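Trainee: I am new to this structure. Can you show me how to read it?

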Amino acid sequence: GLFCAINILLFLCGILGSLAVVSRMRQDFEADYGAMLYIYALLKLIMFLMILIISPSLTAGSISGERSLKTLDLLLTTRMTPFSIILGKLASAFCMTGILIVSAIPALTVPLMYGGAGPLDVAVTLLSFLISAFMLLSMGIFAGSFESSMQKSTALAYGMLLILLAGTVIPGVLTAPFYEESMNDPFTLLLL
């Protein structure tokens, strides 16, 4: 149900935005392909926000849930190592998130029917989404291994996410004018 709702939202944004741009192109007799890239960027942002919201909650309660239900000790008595338990929970959540990301491919490519970006751009976007999802899921597992209740572990995972976002967005916004002035400098490109 959730995957379907996210994909419907992405399709609606992509189709309505593309139709609005095409309608404006027909009225003005000007081809504005930058607007299609703007819609593509908006769809990427929506998808990334969905990954940010969903991913930590998938794994934050996995280990702490085992503790609160008193099944962790029973799980540890099996032949599975703690590493394999964590890896299994992480792989399960990663598969769910991966299905969400892969199912969004058609919605992400709607504005690209008119040009502006190619299949390589979509592939790089999807790869970056998968890497980000893996990192966020790992943060959730990390938070769940420290807290005994699912609510506390979920709060800790989202707290770590906010610190991560603030630690990357704020310096990026503050140093943006520096990057725009010296984009040909190799050191600046390395910082980016």
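Mentor: Start with one residue, and keep in mind that this is a predicted model. Buried means under 20% relative accessible area. Asn7 has a relative accessible area of 12%, so Asn7 is buried.

Trainee: Where is Asn7 found?

Mentor: Asn7 sits in helix H1.

Trainee: Which residues does Asn7 touch, not counting those up to four places away in sequence?

Mentor: With those set aside, Asn7 touches Ser103, Ala104 and Ala107.

Trainee: How do I read the crossing of H1 and H4?

Mentor: Take distance and angle together. The axes of H1 and H4 come within 10 Å, and they cross at roughly 25°. Angles under 35 degrees count as roughly parallel. H1 is therefore roughly parallel to H4. The crossing of H1 past H4 is right-handed.

Trainee: Which residues of H1 and H4 meet?

Mentor: From H1 come Phe3, Ile6 and Asn7. From H4 come Met96, Ile99, Leu100 and Ser103. Sorted by class, this contact of H1 with H4 has five nonpolar, two polar and no charged residues.

Trainee: Now H6 and H7. At what angle do their axes cross?

Mentor: H6 covers residues 119–146 and H7 covers residues 150–174. Their axes come within 8 Å and cross at roughly 135°. Over 145 would count as roughly antiparallel. H6 and H7 are therefore oblique to each other. H6 passes H7 in a right-handed crossing.

Trainee: Which residues make the contact of H6 and H7?

Mentor: H6 brings Met135, Leu136, Met139, Gly140, Phe142, Ala143, Gly144 and Phe146. H7 brings Ser153, Leu156, Ala157, Met160, Leu161 and Leu164. By class, the contact of H6 with H7 has eleven nonpolar, three polar and no charged residues.

Trainee: Let me zoom in on Ile101. Which residues is Ile101 in contact with, leaving aside its neighbours within four places in sequence?

Mentor: Ile101 is in contact with Met47, Ile51, Leu126, Phe129, Leu130 and Ala133, with those neighbours left out.

Definitions and conventions: Residues are numbered from 1 along each chain as its sequence is written. This is a predicted model: local features need pLDDT of at least 70, side-chain atom pairs count only at pLDDT 80 or more; totals for chains, interfaces and linings use all residues. Side-chain values use heavy atoms; hydrogens and water are left out. Axes are lines fitted to C-alpha atoms, for helices over the stretch in contact, and angles run from 0 to 180 degrees between N-to-C directions. Helices (H or I, at least four residues) and strands (E, at least two) are DSSP runs, numbered from the N terminus. Angles under 35 degrees count as roughly parallel, over 145 as roughly antiparallel, 65 to 115 as roughly perpendicular and the rest as oblique. A crossing is left-handed if the near helix is turned anticlockwise from the far one by less than a right angle, and right-handed if clockwise. Contact means heavy atoms within 4.5 Å. Ala, Val, Leu, Ile, Met, Phe, Trp, Tyr, Cys and Pro count as nonpolar, Asp, Glu, Lys and Arg as charged, and the others, Gly among them, as polar. Buried means under 20% relative accessible area, exposed over 50%, partly exposed in between (1.4 Å probe, protein chains only).
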